[in-house]
Amino acid sequence: MAVILDLSCVVLLLLSICLCPVEGQNLGTDNVSVIEGEMATISCRVKNNDDSVIQLLNPNRQTIYFRDVRPLKDSRFQLVNFSDNELRVSLSNVSLSDEGRYVCQLYTDPPQEAYADITVLVPPGSPIMDSREDVVSEGNETELTCTAMGSKPAASIRWMKGEQELTGEMTVDETYDRMFTVTSRLRLTVSKEDDGEPVSCIIDHPAVKDLRAQRYLEVLYQPEVKIVQAFPEGLTREGENLELTCIAKGKPQPHQISWLRVDDDVPSHTVITGSDLFIENLNKSYNGTYRCVASNTVGDAYDDYILFVYDAPTTIPTPTTLNLDNTQGTVCPHFVNSQPSPVCTRVHACESDEGAPQKIDHAVIGGVVAVVMFAILCALIVLGRYFARHKGTYFTHEAKGADDAADADTAIINAEGGHNNTEEKKEYYI
């Protein structure tokens, strides 16, 4: 019987040990981060509460709330919710002195505790941005400084130039009451493209968003020079005029613009007016390189123009006046240097009624003359052959019987019919 009682006691003892609460098992809370001046909320939560008492203690172990009763005379603490499973308390207008570890306590045997750490965030003030010099010349280095003061925790600083992120050198100094001052220095070599470029320092801190400072770079640079041919629009030819304009931009604006001819003097009658150069009546002796030089406080720069004078265009022939069908006309030159003549007076000899240009075809005239000469030659040949065929000795009726006569008189007497037939004699001549 005694053995049975002992076994029963052992079983009850083991059950009592298993049913005893373990520290932290049923009680829970969360850490809180709050910006200075705002409100923090502390929640003590209990699982499977058996009507045990919940209370909240401050870092000095003073009771803030016992169940739903507030023993501490600090009106900034207010009860938000109380039940068997939760005690929720708010703290308004949080300051740095409120930072610390708060205790949620559950009256069990032994008591249970859970801890909520309140961290107070202090945002930095507006960043202070400064530059070693307000104006910097191209190619030189400048230094920019950005400072974020009085933050908790320490802030971080990023740099941006336009859309490009840059890296600065950062230092952190701790001041009173766990506050921090952060300074970042950016060293930058500038070019003329950086003139007017925005540079920003951006503050990253959990208590603030989009906090930045910005300034624009002011960069001085030497002039940029370009020569423009204002006249003529095309090739430069002998006898024409030349006008050049020098366009110079810089920061500051160029205070001096001058013209010169490389390796020679400019023509004696050249007219220079500020940034413009004018040469009248060009000839090939003016060929060479002409230079425009612009200066400002940063430096000098120049641009070159190479002049090459081409031959003058071929002179248009003087129009020739013809009398065609009793109509005065002008023979127009149609091409000059294989190009259509720009000048032609419209008259009847040059253009038809429809405006089409007319011209005398010497080949046709030559052909007509050749045909005429050939026809004349053919006529001469025919006549020659005709006369050749009718050449010879011709006899009349008086010559009959002359073969046997000793002389002419006898021949006449012996002629057929004698003098009696004189009336019937006929002669034929060609």
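Arg45 is partly exposed at 32% relative accessibility, where buried means under 20% relative accessible area, exposed over 50% and partly exposed in between (1.4 Å probe, protein chains only). Asp30 forms a salt bridge with Arg45, and their closest N and O atoms are 3.2 Å apart; a salt bridge is a side-chain nitrogen of Lys or Arg within 4 Å of a carboxyl oxygen of Asp or Glu. This is a predicted model, in which local features need pLDDT of at least 70 and side-chain atom pairs count only at pLDDT 80 or more, while totals for chains, interfaces and linings use all residues. Residues are numbered from 1 along each chain as its sequence is written, and side-chain values use heavy atoms, with hydrogens and water left out.

**Salt bridges**

- A search of the whole structure finds 21 salt bridges.
- Asp30 lies in the loop between strand 1 and strand 2 and Arg45 in strand 3 (residues 40-46), so their pairing ties together parts that are 15 residues apart in sequence. Helices (H or I, at least four residues) and strands (E, at least two) are DSSP runs, numbered from the N terminus.
- Asp30 is partly exposed, with a relative accessible area of 45%.
- Asp194 forms a salt bridge with Lys161, with 3.1 Å between the closest N and O atoms. This pair links distant parts of the chain, 33 residues apart: Asp194 is in the loop between strand 16 (180-189) and strand 17 (198-205), and Lys161 is in strand 13 (residues 156-161). Both Asp194 and Lys161 are buried.
- Lys284 forms a salt bridge with Asp311, the closest N and O atoms being 2.5 Å apart. The pair links distant parts of the chain, 27 residues apart, with Lys284 in the loop between strand 23 (276-279) and strand 24 (288-295) and Asp311 in the loop between strand 25 (300-307) and strand 26 (320-324).
- Lys284 is partly exposed at 39% relative accessibility, and Asp311 is partly exposed with a relative accessible area of 45%.

- Thr29 is placed in the loop between strand 1 (27-28) and strand 2 (32-35), and is buried at a relative accessible area of 16%.
- The side chain of Thr29 reaches the backbone oxygen of Ser43 at 2.7 Å.
- Not counting residues up to four places away in sequence, Thr29 touches Ile42, Ser43, Arg45, Cys104, Ala114, Tyr115 and Ala116; contact means heavy atoms within 4.5 Å.
- Leu57 lies in strand 4 (residues 54-57) and is buried, with a relative accessible area of 5%.
- The C-alpha atoms of Leu57 and Val103 are separated by 5.0 Å, although the two residues are 46 residues apart along the chain.
- With residues up to four places away in sequence not counted, Leu57 touches Gln62, Thr63, Ile64, Tyr102, Val103 and Gln105.

**Helix 2 and the annotated segment**

- UniProt, in an unreviewed entry, places the feature "transmembrane region" at residues 363-383; such annotations may be inferred rather than shown by experiment.
- The span 363-383 is 100% helix and 0% strand, and its end C-alpha atoms lie 31 Å apart.
- Leu380 is found in helix 2 (residues 362-389) and is exposed, with a relative accessible area of 54%.
- Val364, Ile365, Val368, Val369, Val372, Met373, Ile376 and Leu380 make a nonpolar surface patch of about 730 Å². Patches are made of residues with over 30% relative accessible area and no salt bridge, with like charges joined within 9 Å and nonpolar side chains (Val, Leu, Ile, Met, Phe, Trp, Tyr) within 5 Å; accessible areas come from the Shrake-Rupley method with a 1.4 Å probe, and for residues only the protein chains shown count as cover.

Notes: A polar contact is a pair of N or O atoms within 3.5 Å; within protein, one must be able to donate a hydrogen and the other to accept it, and residues adjacent in sequence count only if both atoms are side-chain atoms.
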